[in-house]
Amino acid sequence: MEFISDHLLTLILFTPVISAVILMFIAGDQDKLIRWVALVLSLIPLTLTIYLWVNFNPDQPGFQFQEYYTWYSPINASFHVGVDGISLTMVLLTTLLTPLCILASFTIKDRVKTYMILFFLLQMGMLGVFLSLDLLIFFVFWEFGLVPMYFLINQWGSEKGTRTIFGRTINARTYASYKFIIYTMAGSLGLLLAIQMIGVVTGTFDLIELFQMWPSVEGVVLGIPVSTLKAAAFWAFVLAFAIKVPVWPFHTWLPDAHTEAPTAGSMILAGVLLKLGGYGFLRFVLPLYPVESQRYAIILGFLAVMGIIWGAFSAYGQTDFKRLVAYSSVNHMGFVVLGIAAAAYAINTQDATIALEGAVLQMFNHGLSAAAMFFLVGVLYERTHTRDLDKYGGLFALIPVYGAILIFTSMASLGLPGLNGFISEFLVVRGVWPIFTLFTILSMLGLFFTGAYILKGIKGVLHGPLNKNWIGHITEINPREVLVIAPLMILMLWIGVWPAWILDVINKAVIWFYQIN
Amino acid sequence: MQFPVLSVIAFTPIVAAIFILLIPSDRKTEIRAAALAAATFALGLSVWVYFSYDVQASGYQFVERYSWLPQLGISYFVGVDGMSAPLVLLAGLVMFTGVLISWGVDDRPREFFAFLFILATGVFGVFIALDLFMLFFFYEIAVFPMYLLIAIWGWKVTREYAAMKLTLYLFIGSVIALVGALGMYFASGLGTFDMIALESANFTATFQKIVFPFVFFGFAILGGIFPFHNWSPDGHVAAPTAVSMFHAGVLMKLGAFAALRVGIMLLPEGAKFHMSWIIILTLVNVVYGAFIAFVQTDFKYVIGFSSVSHMGLVLMGFATLTSDGLLGAGVQMFSHGIMTALFFAVVGMVYDQAHTREIPKLGGVRIAMPLVAVAFIIGGLVSMGMPGFSGFVAEFPIFMGLWDSYPWIAWVAVISIVITAAYIIRIIGKVFFGKIPEEFKEHLHDVRALDKVALVVLSAVLIIVGIYPTIMVPMVQSGVENVLRLLGGA
């Protein structure tokens, strides 16, 4: 047991890799065995995370369960991991969603082994981002996660659909995956340059040292005033994270990637991958660039509001159910960014604390509800082979259990009081209100349209005249699928009714991390 | 007396070449087995040298010295430091995998392996030489068999042209470098070609500024520096697979390494004076090379131009003259060597069966050769500088070195990373995934077991260095410190 507690984070981080290696040794045609082994193995990080959560002491300030190993000594980069309340929440989200995604992927029939291996590698990349306390290691994991995601979209994505680019017709999934990886990599370039520059200027990549040192670096380095360098580096960080979140107007890769990805790919993409961007803002941008964050917070806040409004409008305009859900991510993640921007503007106030708490909880909540929504879209798609809202119609009569689950999840996404979305959006709005009053009012417009597009989705699928084609062709949600969605629904309700268990952890971490008095 | 391990490594190939020439030419299996045995032996010793190199002690180790032509101050003087030890390992790995890949060479395999091994001796020799004359001696040995290997076993369409172009370029380069080297010999007044002695020859600054371009460009032509790079893609494409691997994997490093050892280390003042404009040439290499690779439709030309781009990073690392930049360049030489050897091996395997390298005509190769596809993807990720692979470990410090010296260059050079990603992903998508054309459905089949061994060895090295850089970085760092000492502790 001592070994486990001493190396808990490393174990959580690398169990997925070990799992991938184990899968490599199973014969490729044993689909059933591979699925079950993958599922069981994916439960190990979850178990370890629950153990971590229980043993985590929210009252103790600072990063806990830290581990430190030499990695790249000449440039002072080391393998340094640790968790605080913010990253702990994200780690829980990741390790919770992965087994559910694997269970949701039981219908994958093509190259199951490779698929599962890629999924485990993806999980490692995401966990690494949340656990790293070294800028270079963080970047390693940040980039690494792109590769498995690219292949998941490119190889297991939707087989239908084409796009015409420069007069050539290509598969929609090829287009979407290419766009996804090039877009994100382009965003990472500035991040890479900024990280290198920080390393050259300070001589270290260790985050704990950098938090102390970097904000107060002054003078002239490399012949350029540090304030200019910092502003440039700040924008490089912001751009990289903004593309990932995604913040309007950098969101255009998202609807394509989400729509073409396989169901579990969309679940993890919306559930966790987008959170990497939000987490980047929280962990790196705010503490490393307090001055610049404050100066440019209004711009970020404005973009967030645009994301909320246009995300909602665009979602409302879709006839493709999956695209509708994809645009809803732009809308919901806008609240995360709005909370962060407001907190950056008025750091050290009570309102900022509330806004930040709201942002972190909103990330967790959106992870639950977006994953659930994409799963439900996938369930429907597997039965009907269409995502066109006009082609469903009145299905409530045929599949009542599915209908009930869809309504429940949609309500969580919409922010119905009593479910999780309400708590976090309320916190964000309450925190932002005194800081950016105008933005808050405008965001309400977006919230209004959130209701509209959610109802449009429900109406299109469940209500209206029954499309007779589906009689006898559509089957009720099966027990395996219920098992995927049930944990998410329980958590949605639990956080909605009694959020204290998670808010307590987040709250103390926020107060400590941003040194709010 | 200590076991002369470096000499044994360097002369194993040439002895094996002579031995192979004695085997009757129709006993192809024996010829191949003998070649494989020699390559395995050399690889084993180079692995042993790599891991017994004492990083703490640093400096030149495994030194051997015999008087050769004392009247002229020439001695047989060899040794490795932290810079060259990884390159010896690189040459050992490429030689071993090159033999495995060449198992299928059916046209006069005896002569093929003999020439390949003469080439290998030259390569090992340059990396271990500590005497300027010896360095030239081995350098010419390495260049000459290249001509025959390309002209006889190369791609029929361009082999004469490419072989001639390559040889002329490289000989001109070596002549220019030789002029510079002889200048150093006479100007030093020490009457020796011993490079360690020449390090402290105290050339005047004016002399260094005049001679440095000769020496540096003479060698850097082989490193593929812009605008003298255009022999290299032609040469790569025309060469048979194992020769392309050697060529891009090791030979180009020969140029870069010699430019460092003779140019920068012996003429540090000259280097400081000229590097501020040379770095612009390397920037052109990096960015322009990546663009040209992007527009190629021939699979092998893409890889050929990608080498131009990546070797530009090595030279760029040198040109920063900073600790980080040189460290990155040192690691990049190794990393790119393995990576590009892997690439050319893959291209060869695809071409052998498809008989075309036109990217638009290929597709779905993954279905017939899954391992080849995986190997290419790993190589591609290294090439993109993806974290977790050796390319990142190498490129990251090069960029840090740029920040220390010419920050604006970093902003431009970084563009190459996206372009590289674009062309690599394009190939992965089209050639390995994509739809398999009707004409290939029947006759594409999986590669031989020996080919798989080669692919696995090369891929594993790339991953190990990427995940655990401590295995290589401190060693290269110790070599870099020696260079920095000569540069005046910059």
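This note goes through a predicted model point by point, from one chain to the contact between chains.

1. Conventions. Residues are numbered from 1 along each chain as its sequence is written, and chains are lettered from A, with ligands numbered from 1, in the order in which they are written. The model is predicted, with local features needing pLDDT of at least 70 and side-chain atom pairs counting only at pLDDT 80 or more, while totals for chains, interfaces and linings use all residues.

2. Overall form of chain B. Chain B has 21 helices and two strands; helices (H or I, at least four residues) and strands (E, at least two) are DSSP runs, numbered from the N terminus. The radius of gyration of chain B is 21 Å, close to the 23 Å from the globule rule for 490 residues, so chain B is as compact as a globular protein of that length. That radius is taken over C-alpha atoms, and the rule is 2.2 Å times the number of residues to the power 0.38. Along the principal axes, the C-alpha atoms of chain B fill a box of roughly 70 × 55 × 40 Å.

3. Of the 490 residues in chain B, 62% are buried. A residue is buried if 20 or more other C-beta atoms lie within 10 Å of its own, exposed if 12 or fewer, and partly exposed in between, with C-beta atoms placed from the backbone. Two residues are in contact if their C-beta atoms, placed in that way, lie within 7 Å. Among contacts in chain B between residues at least 6 apart in sequence, 81% join residues at least 24 apart.

4. Tyr66(B) stands opposite Tyr76(B) in β2(B). Four residues lie between the strands of this hairpin, and Gly73(B) takes a positive phi near 75°.

5. The nonpolar core. Such a core is a set of buried Ala, Val, Leu, Ile, Met, Phe, Trp, Tyr and Cys residues joined through C-beta atoms within 7 Å. The largest one has 407 residues, and among the members that touch the most others are Leu338(A), Val88(B) and Ala91(B). Helix α15 (residues 350-384) of chain A gives the largest share of this core, 20 residues. Beyond four places in sequence, Ala91(B) is in contact with Ala120(B), Val123(B), Phe124(B), Phe127(B) and Val250(B).

6. A buried residue in chain A. Ala412(A) lies in helix α16 (residues 400-414) of chain A. Why does Ala412(A) count as buried? Ala412(A) has 28 C-beta neighbours inside 10 Å. Leaving out residues up to four places away in sequence, Ala412(A) touches Ser369(A), Leu419(A), Asn420(A), Gly421(A) and Met492(A).

7. Domains of chain A. Chain A is divided into domain 1 (1-247) and domain 2 (289-517), with bounds from an automatic or database domain assignment. Their C-alpha centres lie 23 Å apart. The contact takes 22 residues from domain 1 of chain A and 29 residues from domain 2 of chain A.

8. The contact between chains. In this contact, 29 residues of chain B meet 27 residues of chain A. On the side of chain B that touches chain A, α16(B) supplies the largest share, seven residues.

How values were computed:
Pairing = 2+ DSSP bridges.
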